[in-house]
Structure formats: structure tokens, C-alpha cells
Amino acid sequence: MVMTGTPVCTNTGNIYNNKQMKFIITLVLLPMLGLVSIMNISARSLSSDLKALAQNGQYRMMLCAHRGNTAAGVVDDVPESSLEALDLAVAKGIDMIEIDARITKDSVIVNLHDPYIDAMTNGTGVLGAMTYNELLKYRLLTPSGEDSDEPVHTFKEMLEAAKDRIYVFVDIKVTGIARKMFDIVRELDMLDQVAWYVSTSTKAEADAIYSYDDRAIICPYVSTASKLKSYDKLYDLSIAHTSTEKMETADNLLTTFSTREIIPYANHLEADAQIFPSENPDYTYLERMIGQNIRFIQSDVCDMIAAYAVEKGYREENVSSVEKVCRNNTAIQTKYYDFMGIEYTRPLPGRWMIKKTIYDDGLSDTEICLCR
């Protein structure tokens, strides 16, 4: 966020450095505050937002939290693919969260990236060989490798938590689940809040979903202008996945995206480490993406990208009701920490720092700030 005379910041919710100094700041959730009534809850339209983004004559970007990951989540030690990660992305005004769709032995669709549970949970084994009740014995791991309190969540649980709060980008990992996924989305009335990513191996799932309702937002991967045109004929595209490198080198790909008013969606993932954790973030790759008119960007540190984009005028400030409540209060104490958890009495100019603000009613707010 940008405010005159203050650091450029991005809201982080509750925050602590797990490896060096565990200080915990309460993440104030709306249900606990009794503030549900002040939220502007209404049906959201991804198709309308994508159309407006494509037709905007000025460059603007939307952001997707890959597996729910954010820089704030790393600092908070929040497990990826969790409800806590989703809530944190919502609290910071991120547009979309990515989830992965797999299925258990007893046909429960769950949110887990890998076919094995070893890397993301405190258990071991093949996900598809387990019933959901067996899977519930285990807990998601935090970035530091600690056991969290959260299990592997179902596809439906993730969508219920996201409904009317944040869009969902579904990465379909297996075949044969299109009908079950579509029925859940239809039951929750979220057809226009979900984008379906498909690779060549899961194209049959996209075909099935689109056959159930041609308003479904299909997002295939494309590397050439001819492939984009082909998919557009099949699915009447409003968004398609590509890469910065393909946009730079494939003949007419950028032009085809623009003339057909299709939003290019691409990953910043491999360049994330250039941004966070770093006291001198390098946004060179992000500027390459912007130069290729990539308007929907997926990242593990999308909150850092959001702060930069707001400062540069690529994005409007987007804050949650929680943050708006905090802004109406009077700040009584402010502290600054570096990424090692060391406390400072004042901001260090030119440094990215963690800012904790305590308000007169006991609420606290934390931000990752580029100090001026």
C-alpha cells in the first residue's frame, strides 16, 4: 500500500520468525470481532473482471497466490494449501488462490499438489491409496517443517472458504474427477469464481467441464499463437496460461492475446527468490512480464509483488475489512523487525522490514514494508 510519508507496505496478518525469534501477533479474524456485517459480501464475477482487465487501455495486473503461499505466510510459518493460507491471502487483498485437485481411494477430492503425501504432511504414502479418514490422521507441514493444526482439506472445504472472498484457480492433477468437481462448484454457485487450469494430460477434464456448462472459465496452457486460437475456438477463452519466455519468442503470441482480449496468465515462481527474502528485492523479471503484457501473475510472494505494483501504478490498492477496521483506530505503538526477527526502534531507510502496529483497542496489524 502507498501512503504519503509512510513506508510502502503490504499487510501480513499475524507474523513470527520461526527460526530466530518467535513473536506472535494475533491475526484478528472477522468472526472473532463480530464484524461480519460490515463486509461487502456479494457474488463476484471472474469473467467480468477478466473482461475489464483485457479492455483496460492501461497496464493493470491481478495476482494469484500459488498454493496460497505468500511472503507473509513464510514469516508466519503458515502451511501451504491450508485454510490459514487462504485467509492470509484474503486479508492482503490478493485476487486468487491456486489449489490442486486430487482424489482419495474413497473418491474424496482434496487439495494436495503431490501424488505422495510425504513432502507436504507429517505422514507418508500414496494419496490415491488412502481413504479420506486415513488421510485425516496427518497434518500439513509449515515452511519450517513443523506440524500444523490443519489436515489436508477437501476441494469443497477450500471452495467454501473462498466463496465471495477470493477467486480460485484449480490445477487439475488427475483424470476422471470432472463431474464431481463441477457438481461441487455448481452446488456452491461458484461457476463464475473458478478458473480451471488444464494441461495436455487433463484436457479431457476441461472438455467435460465445458460440456456441462459453457460458461465455465477454462485456462489451458499455450505456447504458440496457433494453439491459443485453437483453444479459443474450443472454449471461448478469457484467460490462458503461458510463460514470459514464450511471450517474448513465439511469433504473434502477444498480439493474439491482445487482439482476442484474452488475459495472459504466467508464473513468477522461479524468480520469487529474487524478491523475498531479500533486503534489496530485484523486480527485473517482473518487469519483463509486465513488458509482455502478462496481466495475471502467479507467485509464492504475491503480497510483495502487490506492494511493488501499487507503488508503480500497475495495481489499485486492495485492502480487507480487517485492515480497514485497523485504519479507523489510533496507533499507540509501532515496532520494526528485520527478517531475522531482530527488533529496531525505527525503520531503516531503504530496507524491507516487518512493521508491527498496536492500536488503542488492542488490535494489532503487521506489514512487510519498504522503508523510505
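Let's start with glutamate 98, which sits in strand β3 (residues 96–103); helices (H or I, at least four residues) and strands (E, at least two) are DSSP runs, numbered from the N terminus. Keep in mind that this is a predicted model, where local features need pLDDT of at least 70, side-chain atom pairs count only at pLDDT 80 or more, and totals for chains, interfaces and linings use all residues. Residues are numbered from 1 along each chain as its sequence is written, and side-chain values use heavy atoms, with hydrogens and water left out.

So what does glutamate 98 do with its charge? Glutamate 98 is buried but has no salt bridge, and the nearest side chain of opposite charge, arginine 67, is 4.9 Å away. Here buried means under 20% relative accessible area, exposed over 50%, and partly exposed in between (1.4 Å probe, protein chains only). A salt bridge is a side-chain nitrogen of Lys or Arg within 4 Å of a carboxyl oxygen of Asp or Glu; Lys and Arg count as positive, Asp and Glu as negative, while His and the chain ends are not counted. Leaving out residues up to four places away in sequence, glutamate 98 touches several others, including His66, Gly68, Asp171 and Gln298 (contact means heavy atoms within 4.5 Å).

Now zoom out to the strand. Seven of the eight residues of β3 are buried, so β3 is largely enclosed by the rest of the structure. Strands pair if DSSP finds at least two bridges between them. β3 pairs with β2 (residues 62–65) in the parallel sense over two bridges, and there cysteine 64 stands opposite methionine 96. Six bridges join β3 to β5, again running parallel, with phenylalanine 169 as the β5 bridge partner of glutamate 98. With β4 (residues 109–111) the pairing is antiparallel, over three bridges. β3 and β4 form a hairpin with five residues between them, and serine 107 in the turn has a positive phi of about 70°.

Next, the nonpolar interior. A nonpolar core is a set of buried Ala, Val, Leu, Ile, Met, Phe, Trp, Tyr and Cys residues joined through side-chain atoms within 4.5 Å. The largest one has 77 residues, and Met61, Phe155, Leu159, Val170, Met181 and Trp196 touch the most other members. Helix α13 (residues 302–312) gives the most to this core, with six residues. A second, separate core of 16 residues includes Leu53, Met96, Phe169 and Ile239.

Finally, the charged pairs: the count comes to 15 salt bridges. Arginine 215 and aspartate 213 meet in one of them (2.7 Å, N to O); arginine 215 is exposed at 59% relative accessible area, whereas aspartate 213 counts as buried at 15%. Arginine 260 and aspartate 232 form another (3.0 Å, N to O). That pair links distant parts of the chain, 28 residues apart: arginine 260 is in the loop between α11 (253–259) and β9 (263–267), and aspartate 232 is in helix α9. Glutamate 248 bridges to arginine 288, with the closest N and O atoms 2.7 Å apart. Glutamate 248 lies in helix α10 (residues 244–249) and arginine 288 in helix α12 (residues 284–291), so the pair ties together parts 40 residues apart in sequence. Asp100, Asp171 and Lys173, meanwhile, are linked in a network of salt bridges.
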